[in-house]
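Have a look at the structure first.

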Amino acid sequence: MNKLVLLFCILLIPFSYAINAEPFVSFPGEKVVLEFDSKASVEMKYYYNLNLLEECTQKNCPLFENNSLKDSGKKKFVLSTENLKPGFYAFEVTENEEKYFSSVVVRPDYRLFIALALIILIGLVFLVERNVIGKN
């Protein structure tokens, strides 16, 4: 029995040290804050969606506070997502001599459309309940 427990623990060790970088989700116009445990260097690399892959330029990718595609020497970075088209924005992180990629997801903003549709729906339900629409 002890051998099975030891084997189970040995099999779990690689999973405990795995790097997990999850994408961040944002709406256009919001500020995205990236925070790291140690000082890092972050560079915007690619924009991609279902049918397009582009290298980042200052026109099509989020910019850092210094209005560039690259920033370094800090633990906290702020990205501006104003006037961006929906899609995925990949960035390269260099932290403690290790490089890896993560992404920021910019979703289409349908919040105003959904709120308007709900107001119209509630208004229609209210009018039907009062029987205003069906009267001649």
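Which residues form a nonpolar patch on the surface?

1. The patch is made of Tyr110, Phe113, Ile114, Leu118, Leu121, Ile122 and Val125, with about 750 Å² of accessible area together. Patch members have over 30% relative accessible area and no salt bridge, and nonpolar side chains are joined within 5 Å. Ile122 sits in helix α2 (residues 111–129) and is exposed, at 59% relative accessible area; exposed means over 50%, buried under 20% (1.4 Å probe, protein chains only).

2. Some housekeeping: this is a predicted model, with local features needing pLDDT of at least 70 and side-chain atom pairs pLDDT 80 or more, while totals for chains, interfaces and linings use all residues. Residues are numbered from 1 along each chain as its sequence is written, and side-chain values use heavy atoms, leaving out hydrogens and water.

3. On to the rings: Phe, Tyr and Trp (its six-membered ring) pair if their centres lie within 6.5 Å, with planes under 30 degrees apart called stacked, over 60 edge-to-face and the rest tilted. That rule gives four aromatic pairs. One is tilted, because the planes of Tyr47 and Tyr89 stand at 45°, with centres 4.9 Å apart. Tyr47 belongs to strand β2 (residues 31–48) and Tyr89 to strand β5 (residues 87–95), 42 residues apart. Both tyrosines, Tyr47 and Tyr89, are buried.

4. Phe64 and Phe77 pair edge-to-face, 6.0 Å centre to centre and 65° between the planes. Phe64 is in the loop between β3 (53–55) and β4 (70–80) and Phe77 in strand β4, so the pair ties together parts 13 residues apart in sequence.

Key: Helices (H or I, at least four residues) and strands (E, at least two) are DSSP runs, numbered from the N terminus. Patches are made of residues with over 30% relative accessible area and no salt bridge: like charges are joined within 9 Å, nonpolar side chains (Val, Leu, Ile, Met, Phe, Trp, Tyr) within 5 Å. Accessible areas come from the Shrake-Rupley method with a 1.4 Å probe; for residues, only the protein chains shown count as cover. A salt bridge is a side-chain nitrogen of Lys or Arg within 4 Å of a carboxyl oxygen of Asp or Glu.
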